[in-house]
Amino acid sequence: MRFTNGGCIMNTITRSAFIRQGSVFAVSVALLGCRHPVVSGHTSDCQTSADSLGPFYRAGAPLRADMRVAGDLGAPLNMDGIVYSDDCVTPLSGALVEVWQADGAGAYDNGSADFRYRASLNSGENGGYAFSTNLPGKYLNGGQFRPSHIHFRVTAEGHQSLVSQVYFENDTDIASDPWASSPEAEARILPVTESENGELQVNFDIYLVLAS
Ligand SMILES: [Fe+2]
């Protein structure tokens, strides 16, 4: 079963545009037509940019670092990173990192108690997080497939919540996807390497913004 992504529209003022406009305020992202609007500020060059929440977020995913389901489609993928504050260097422990994605066949688990391919993680003392999954499959958004992607929602005390998505280099569906091809997404199109055991490895460090 495939799902569309709800046709959300994202308007973003980039940091450079923000500076050019000489604005004092840092209100930068407005999501139109999505279920949950996102507003985030720009206070540093390292900030991780926001992306659409999409229609498939579910709160309350179990705390776990392994989302794999035996026998499912999708290459084994390991992902890790560090959650930082907006000075770009201070790691944040205890951040809640929620991730969700389609399975290898391109379907989201939108109702089961298993919360398949959904997880909550807490960043460790050094701000680190890591999880194992399978490479997400693609699903149709209207007439086009969305590129393979993983959704993130990151929450930390004293910081603005971040809703974003990551994509993978050399995915041929990035160019036709309005979210993945946005200039703001460029830093979230991530290199994929192969580890010694033959599994895919991706790194994604996350930089939050202080709450205003
Ligand atoms: Fe999605």
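This is a predicted model: local features need pLDDT of at least 70, side-chain atom pairs count only at pLDDT 80 or more; totals for chains, interfaces and linings use all residues.

Student: How do strands hold together in a sheet?

Tutor: Strands of a sheet pair through backbone hydrogen bonds, in a parallel or an antiparallel sense. Here, five strands form an open sheet in the order E5-E4-E9-E10-E11. The pairing is mixed.

Student: Which strands stand at the edges, and why is one side of each left without a neighbour?

Tutor: Strand E5 (118-122) and strand E11 (189-190) are at the edges.

Student: In what sense do E4 and E5 pair, and over how many bridges?

Tutor: Antiparallel, over five bridges, with E4 spanning residues 96-100.

Student: Now the loops. Where is Cys88?

Tutor: Cys88 lies in the loop between strand E3 (76-84) and E4. Check its backbone: phi is near 75 degrees, a positive value in a residue other than glycine.

Student: Is Cys88 buried or exposed?

Tutor: Count C-beta neighbours inside 10 Å. Cys88 has 12, so it counts as exposed. The cut-off for exposed is 12 or fewer.

Student: What is the phi of Phe115?

Tutor: About 50 degrees, positive although Phe115 is not a glycine. Phe115 sits in the loop between E4 and E5. With 18 C-beta neighbours inside 10 Å, Phe115 counts as partly exposed.

Conventions: Residues are numbered from 1 along each chain as its sequence is written. Two strands pair if DSSP finds at least two bridges between them. Helices (H or I, at least four residues) and strands (E, at least two) are DSSP runs, numbered from the N terminus. A residue is buried if 20 or more other C-beta atoms lie within 10 Å of its own, exposed if 12 or fewer, and partly exposed in between; C-beta atoms are placed from the backbone.
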